Amino acid sequence: MSQEFPPLKNDLLLRAARGEPVDRVPVWIMRQAGRYLPEFREMRSKYDFFTICQTPELAAEITLQPIRRFDLDAAIIFSDILVIPQALGMTVEMQPGVGPVLPQPLVSPADIKRLVTPVNVEEQLGYVFQAITLTRQKLSGKVPLIGFSGAPWTLMGYMIEGGGSKTMAKSKAWLYEHPQSSKDLLKIITDVVVDYLIGQAAAGAQLLQVFESNAEYLGPDLFREFALPCVRDICSRVKAGVKAKNLGDIPMTIFAKGAHYALKELADSGYNVMGIDWTVDPVVAREATAGKNITLQGNFDPCGLYASPEEIQKRVQVMVEKFGKTRYIANLGHGIYPDMKPEHAEAFINAVHKQ
């Protein structure tokens with residue numbers, strides 16, 4: 001499946017991802033289409049969260065909101081990492097003031113058989129593909145469109161915890177008590193993620209990001225045994241699938257929040273770009289990835305946007321100086337917070353462009 005789309009006018013993000021020269025540092029913001037925007041809150045007051053995700057016209061509209069407002073170098077499709085547990089037959093609810101809740105989590109390995117497998121991503125997640133194609137058309141080539149998925153360990157955590165957790169203790173207990181069953185579950189999730197990302201590329205996504213948002217709960221040993229093999233497998237299989245479908249050169253980004261202990265391993269995992277969270281000094285990240293053929297992305301502290309626009313500009317300058325302008329994509333070190341002033345997000349974006 002191939003689509004005809006308007007020619008791309010701003011390819012800074014893709015060039016930086018591939019390690020090609022750029023005339024200025026590209027910038028986008030994780031969760032850039034979100035609750036900090038009044039236009040998003042207005043839309044959200046009318047529709048349930050997953051209704052928006054599952055309605056291509058609504059998802060496309062929300063994806064475009066920050067692009068209309070800010071001078072960003074990329075759009076990221078509005079969706080959620082938990083559409084994969086939904087595709088596997090699990091109920092996911094977005095509860096006000098709580099966040100995502102899975103009311104029937106996996107309690108023991110016997111519950112794995114409750115999952116509906118194999119997943120036909122065209123049937124179960126086709127609404128995301130439709131949203132991507134529609135958004136690509138509506139973008140008119142202004143900036144590239146990023147597709148994404150959660151990574152298997154992060155998704156496994158939600159599926160066992162039944163929502164967010166401050167410890168991931170139930171999920172980690174599986175790794176210790178049921179290592180083989182954990183790997184079986186991770187394999188099921190990995191297979192869906194691979195098909196899902198290839199489907200996004202076929203629908204028109206121009207860069208794919210994998211969010212291992214819960215890496216911080218693992219130490220080096222558990223990460224290397226359970227999370228890293230899945231992350232590597234996804235990259236190699238997606239790139240092979242994209243090539244087999246003649247979809248062109250689609251860079252891939254891995255963002256493993258809190259995985260400061262695995263920078264070298266992640267740099268060797270096959271991805272074009274590695275996201276860095278705000279707890280890692282950019283100088284340390286560059287040293288850890290020296291000689292690796294990888295672009296770094298990040299890593300402004302999301303709370304740094306509470307500072308004055310003048311202070312934001314100073315801190316952005318320091319950040320860019322530390323990363324350097326080659327093989328670099330500016331971003332936050334995690335998603336933007338819901339109470340952030342849009343003017344401060346704009347100050348961050350403009351400060352990057354001034355470097």
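Where is Met168 found? Met168 sits in the loop between H8 and helix H9 (169–177), and at 1% relative accessibility it counts as buried. Keep in mind that this is a predicted model, where local features need pLDDT of at least 70, side-chain atom pairs count only at pLDDT 80 or more, and totals for chains, interfaces and linings use all residues. Residues are numbered from 1 along each chain as its sequence is written, and side-chain values use heavy atoms, with hydrogens and water left out. Helices (H or I, at least four residues) and strands (E, at least two) are DSSP runs, numbered from the N terminus. Buried means under 20% relative accessible area, exposed over 50%, and partly exposed in between (1.4 Å probe, protein chains only).

**The sheet**

- Seven strands make an open sheet with parallel pairing, running S1-S4-S5-S6-S7-S8-S9; two strands pair if DSSP finds at least two bridges between them.
- At the edges sit strand S1 (75–76) and strand S9 (328–332), each pairing on one side only.
- Strand S4 (residues 145–150) and strand S5 (residues 207–212) are joined in the parallel sense by five bridges, and Gly150 stands opposite Phe211 in S5.
- S5 also pairs with S6 in the parallel sense, again over five bridges, with Gln209 opposite Thr253 in S6.
- Strand S6 (residues 252–256) is mostly covered, with five of its five residues buried.
- In a regular strand the side chains alternate between the two faces of the sheet.
- In S6, Met252, Ile254 and Ala256 point one way while Thr253 and Phe255 point the other, and all are buried.

**The nonpolar core**

- In soluble globular proteins, nonpolar side chains tend to be buried together.
- Here the largest nonpolar core has 138 residues, and Leu185, Phe223 and Phe348 have the most contacts inside it; such a core is a set of buried Ala, Val, Leu, Ile, Met, Phe, Trp, Tyr and Cys residues joined through side-chain atoms within 4.5 Å.
- Helix H10 (residues 179–203) gives the most to this core, with 12 residues.
- Phe348, leaving aside neighbours within four places in sequence, is in contact (heavy atoms within 4.5 Å) with residues including Val27, Ile29, Phe300, Asn331 and Leu332.

**Pocket and cavity**

- Both come from a 1 Å grid over the protein atoms alone: a cavity is a set of points where a 1.4 Å probe fits but cannot get out, a pocket is an open set with protein on both sides within 12 Å along at least five of seven lines, and lining residues have an atom within 4 Å of a point.
- The largest pocket holds about 1500 Å³ of space; grid points are joined across faces, edges and corners, and a volume is the space filled by probe spheres set on the points.
- Of the 46 residues lining this pocket, Arg31, Arg35, Asp80, Pro100 and Tyr158 lie nearest its centre.
- Helix H2 (38–46), strand S2 (93–95), strand S3 (99–101) and helix H8 (152–161) are the elements giving two or more residues to that lining, and S3 gives the most, with three.
- H8 is largely enclosed by the rest of the structure, because 10 of its 10 residues are buried.
- There is one cavity of 30 Å³ or more, and the largest cavity has a volume of about 60 Å³.
- Among the residues lining the largest cavity are Ile254, Ala256, His260, Leu266 and Asp277, with S7 supplying the largest share, three residues.

- Most residues other than glycine have a negative phi, and most peptide bonds are trans.
- Met168 has a positive phi, near 55 degrees, in a residue other than glycine.
- Arg31, also not a glycine, has a positive phi of about 60 degrees; it is in the loop between helix H1 (12–17) and H2 and is partly exposed, at 47% relative accessible area.
- Thr117 and Pro118 are joined by a cis peptide bond with omega about -5 degrees, and Pro118 is in the loop between S3 and helix H6 (121–124).
- Another cis bond runs from Gly298 to Asn299, with omega near -15 degrees; Asn299 lies in strand S8 (residues 295–300).
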